[in-house]
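Visitor: I would like to learn to read this model feature by feature. Where shall we begin?

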Amino acid sequence: PLTVCCVFVRGEYPYTAEYVARLRAMAARWLTAPFRFVCLTDQPELMPVGVEPVVIQKLAGFAYWSKLELFNPARAWSGRVLYLDLDSLVVSSLDRIVDLPVRFGLIDDGPGVGRKVRTRDAFGRLIVRRFNSSVMVWDGGTQTELYTEWTPDVTQRLSGDQDWIGERSADAVALPAAWFPRLSQVEAGPPWSRDVAVILSKHPKNAIAAEQFPWFGRLWGAA
């Protein structure tokens with residue numbers, strides 16, 4: 001069985017349950033295999049029809065660290081698992097991501113040639129430049145050490161969840177960065193490279209992007 005999942009907890013970003021509903025609709029549009037859609041959330045009462053809520057609380061008080069709850073052994077997920085950030089815009093088939101023969105894959109966020117890379121964030125915490133965790137795929141029941149070996153003091157040392165993953169997961173595989181451009185790279189709209197699978201709408205978030213770019217609003221669509 002395939003599990004598609006997201007995380008929706010109170011935090012610094014103005015996400016609403018509409019983001020969850022639209023993400024599920026995009027998954028249904030762009031996946032061939034049947035799937036269950038799971039949302040890890042502290043607001044289960046807001047979950048749309050067709051979304052299976054799993055109640056969690058923020059890890060160490062930070063919404064972004066809560067992503068590590070995906071690897072909690074208590075999930076007991078089996079089969080393939082695909083994670084998507086709420087600010088994802090899916091524009092082509094997700095099958096190639098799910099079917100990629102890797103135990104654990106994340107977006108490539110390596111230094112790259114000529115790229116200026118920060119090694120510390122604004123709070124002096126270490127940035128481990130290996131992966132972007134906006135899209136992840138793995139075999140359910142694996143990678144549990146990312147949860148079981150994590151402690152709250154990690155938040156004082158590392159900038160975020162993807163830095164912890166980059167530090168701890170020696171066998172994780174980088175998914176092609178060309179599959180996952182940021183909105184700033186494609187804001188002129190389609191047509192774009194056939195490589196593109198998921199656009200990451202970090203700034204601005206989807207609801208604002210849909211107002212600014214008509215093509216974005218059409219692709220984000222309705223749930």
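Visitor: Is C6 buried or exposed?

Guide: One point before that: the model is predicted. C6 is buried, and its relative accessible area is 0%. C39 also counts as buried, at 0% relative accessibility.

Visitor: How many disulfides are there?

Guide: The general idea comes before the count. A disulfide is a covalent bond between the sulfur atoms of two cysteines. Here the count is zero. C6 is in no disulfide, and the nearest cysteine sulfur, that of C39, is 3.6 Å away.

Visitor: Now a strand. Which way do the side chains of β4 point?

Guide: In a regular strand the side chains alternate between the two faces of the sheet. In β4, R80, L82 and L84 point one way, while V81 and Y83 point the other way. All of these residues are buried. Strand β4 covers residues 80–84, and five of its five residues are buried, so the strand is largely enclosed by the rest of the structure.

Visitor: Which strands are joined to β4 by bridges?

Guide: Take β1 and β7 in turn. β1 and β4 run parallel and are joined by four bridges. V4 has L82 of β4 as its bridge partner. β4 and β7 run antiparallel, with five bridges between them. There, L84 stands opposite V135 of β7.

Visitor: Next, charges. How many salt bridges does a search of the whole structure find?

Guide: Side chains of opposite charge can pair when their charged atoms come close. The search finds 15 salt bridges. One of them pairs E52 with R36, with the closest N and O atoms 2.7 Å apart. E52 is in strand β3 (residues 52–55) and R36 is in strand β2 (residues 35–41), 16 residues apart.

Visitor: How accessible are E52 and R36?

Guide: E52 is partly exposed, at 34% relative accessible area. R36 is partly exposed too, at 31%.

Visitor: Which residue forms a salt bridge with K67?

Guide: The partner is D85, and the closest N and O atoms are 3.1 Å apart. K67 sits in the loop between β3 and β4, and D85 in the loop between β4 and β5, so the pair ties together parts that are 18 residues apart in sequence. Both K67 and D85 are buried.

D85 also meets K202 in a salt bridge, at 2.9 Å from N to O. K202 counts as buried, at 14% relative accessibility. For D85 the value is 10%, and it counts as buried.

Visitor: Which residues are linked with K67, D85 and K202 in a network of salt bridges?

Guide: D87, D161 and K205 are linked with them in the network.

Visitor: Now the backbone. Where are the cis peptide bonds?

Guide: Most residues other than glycine have a negative phi, and most peptide bonds are trans. In this model, a cis peptide bond joins P190 and P191, with omega about 5 degrees. P191 is in the loop between α6 and β9. A cis peptide bond also joins H203 and P204, where omega is about 0 degrees. P204 is in the loop between β9 and α7.

Visitor: What is the phi of A60 and of A76?

Guide: A60 has a positive phi of about 55 degrees, although it is not a glycine. A76 has a positive phi of about 55 degrees as well, and it is not a glycine either. A60 is in the loop between β3 and β4, and A76 is placed in the loop between β3 and β4 too. A60 is partly exposed, at 37% relative accessibility, whereas A76 is exposed, at 65%.

Terms used
Residues are numbered from 1 along each chain as its sequence is written. This is a predicted model: local features need pLDDT of at least 70, side-chain atom pairs count only at pLDDT 80 or more; totals for chains, interfaces and linings use all residues. Side-chain values use heavy atoms; hydrogens and water are left out. Buried means under 20% relative accessible area, exposed over 50%, partly exposed in between (1.4 Å probe, protein chains only). Helices (H or I, at least four residues) and strands (E, at least two) are DSSP runs, numbered from the N terminus. Two strands pair if DSSP finds at least two bridges between them. A disulfide is a pair of cysteine sulfur atoms within 2.5 Å. A salt bridge is a side-chain nitrogen of Lys or Arg within 4 Å of a carboxyl oxygen of Asp or Glu.
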